[in-house]
Amino acid sequence: MKKGQGKKGAGEARRDDGGDAVPRGTAAYTARDIAAAWERERPGTPATSIGIVTPIWQLAKLFGDDRRRVLARAGVDTATLDLLSVLRRSGTPYTLTTRELGHLSMVTAGAVSQRVARAEREGLVTRRPGEGRPRTVEVTLTEAGHALVESTVDQVLGREADLVSGLTPAQQAKLTELLGLLLEDVQRNLGDERITQVGDV
């Protein structure tokens, strides 16, 4: 080991995912920092997407972690709330087939079956064979399930409204439009319109 080298102190540099050194104790690289570092180290690197994709990944992690904390306090898991919310949004009589639930929840038939079975054990839904429709199963929200949605959805959506309140209503509307356009374009480019269940209430 060369003279002067050794373990890095608390204020010395460390390596970040962007491949550059960041002083310990400082905030992580911003997307702009990462893009600038790549452009400096590898001129011509196509780094323009970093300013969009990196914040989306970071926001998804922050929003996801926060929602799980809110739901843990409310005593309900994400999958169950998604099932109950889809039924609640369908309107009276709050009944959908398992096929419809799978389509609207964007999960597999197996996942729907597991969710329904768990919610039924907890008294949140009932299920019965579809009338005049062989092999069709209809799932209905119970009073207990309805009450759980009503008490939980405001906690979740109210919290997330607070988290995005740093943007003006006009900025929120514009961002909603741009994210929708981006999602549609990415789906088209990838030839994949499937979206796994994330963030639905």
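Me: Why does Tyr-94 count as buried?

Reply: In this predicted model, local features need pLDDT of at least 70, side-chain atom pairs count only at pLDDT 80 or more, and totals for chains, interfaces and linings use all residues. Residues are numbered from 1 along each chain as its sequence is written, and side-chain values use heavy atoms, with hydrogens and water left out. Buried means under 20% relative accessible area, exposed over 50%, and partly exposed in between (1.4 Å probe, protein chains only). Tyr-94 has 17% relative accessibility and therefore counts as buried.

Me: Why is Met-106 called partly exposed?

Reply: The relative accessibility of Met-106 is 34%, so this residue counts as partly exposed. Met-106 lies in the loop between α4 (98-105) and α5 (109-121); helices (H or I, at least four residues) and strands (E, at least two) are DSSP runs, numbered from the N terminus.

Me: What kind of peptide bond joins Thr-92 and Pro-93?

Reply: That bond is cis, with omega about 10°. Most peptide bonds are trans. Pro-93 lies in the loop between α3 (78-89) and β3 (95-97).

Me: Which residues of helix α1 are buried, and what puts them on the same side?

Reply: In α1 (residues 31-41), Ala-31, Ile-34, Ala-35 and Ala-37 are buried. They lie on the same side of α1 because they cover an arc of only 160° around the axis, taken from the directions from the helix axis to the C-beta atoms.
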